[in-house]
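Let's take a walk through a protein chain together. Please keep the sequence and the 3D view side by side as you read.

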Amino acid sequence: MSGEKADGVVVCEPSSDELILAHMGFVFFKVEFEGKANHSGAKWKGVSAIDKAFKVIRELEELEHKWLLTYKHPLLPAPNLNIGTIHGGSAGSTVPGHCYFETCIHYLPRQMSYDQIVEEFTDAVNRVADSDLWLCRHRPVINHVSRPAGPLSRNPTTALCPVFMNGYEKALGRQVRLVGSPAGL
């Protein structure tokens, strides 16, 4: 940030010929799990880090479901939590001693905050860890992979919106479509 001030900003990112009035915030997490590797022939002597990760993933699905029922926005889809990658183990014949998954959470403007997302995500992981004998002693490690720009929701009667809408209509002979974007811009 250079410290310069402006009455408004036009972001010239491709938008399918629409005026985007709202976009979701997003945050990425990586959660790592320790297990106890062992040959699968004596599986009972090991602890599967993948199995522990799945316990946490199921709890995170419940958190996402709560968000789906709680938060609504007129231009945006419901908040969501995506498990985008999962990595673990070394071979099909080995109980996996390590696992991690990576997530992206999209959340709504004016209703949810970055701090809220971090707190609720962390609480969900810790609830599972507190209820599992292995995870109590081998806590999952949560890394906040990034903190990109947060969500945005703009009233179409404020800032540059009316100027843009009028200019669009004059130039193209039709009203611009007012939409929201499920991705952060």
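The paragraphs below go from the helices and the core to the strands and the cysteines.

First, some ground rules: this is a predicted model, in which local features need pLDDT of at least 70, side-chain atom pairs count only at pLDDT 80 or more, and totals for chains, interfaces and linings use all residues. Residues are numbered from 1 along each chain as its sequence is written, and side-chain values use heavy atoms, with hydrogens and water left out.

Let's begin with helix H1, residues 49-70. Helices (H or I, at least four residues) and strands (E, at least two) are DSSP runs, numbered from the N terminus.

Which residues of H1 are buried? They are Ala49, Lys52, Ala53, Val56, Ile57, Leu60, Leu63, Glu64 and Trp67. Here, buried means under 20% relative accessible area, exposed over 50%, and partly exposed in between (1.4 Å probe, protein chains only). An α-helix has 3.6 residues a turn, so residues three or four places apart point the same way. Seen down the axis of H1, the buried residues fall within an arc of 135°, so they line one face of the helix; the arc is that of the directions from the helix axis to the C-beta atoms. On the other side of H1, Glu62 and Leu69 are exposed. The buried residues of H1 pack against E2, strand E4 (80-88), E6, H2 and H3.

That packing brings us to the core. A nonpolar core is a set of buried Ala, Val, Leu, Ile, Met, Phe, Trp, Tyr and Cys residues joined through side-chain atoms within 4.5 Å. The largest one here has 33 residues, and Phe33, Leu60, Trp67, Phe101, Ile105, Ile117 and Phe121 have the most contacts inside it. At least two residues each come from strand E2 (25-34), H1, strand E6 (98-107), helix H2 (114-131) and helix H3 (133-137). H2 gives the largest share, eight residues.

Take a closer look at Phe101. Leaving aside neighbours within four places in sequence, its contacts (heavy atoms within 4.5 Å) include Phe29, Phe33, Ala53, Leu60 and Ile83. Apart from this core lies another, of five residues, among them Leu19, Leu21, Tyr168 and Val176.

Now for the strands. Two strands pair if DSSP finds at least two bridges between them. E2 and E6 run antiparallel and are joined by ten bridges; in this pair, Phe29 has Thr103 as its bridge partner. E2 also pairs in the antiparallel sense with strand E7 (residues 141-146), over five bridges, and there Phe28 partners Ser146.

A separate paragraph goes to an open sheet of three strands, with the order E8-E1-E9 and mixed pairing. Its edge strands, E8 (152-153) and E9 (177-181), each pair on one side only. His23 stands opposite Leu152 in E8.

Finally, how many disulfides are there? With a disulfide taken as a pair of cysteine sulfur atoms within 2.5 Å, the count is zero. For Cys99, the nearest cysteine sulfur, that of Cys104, is 19 Å away. Cys99 is buried, with a relative accessible area of 0%, and Cys104 is buried too, at 11%.
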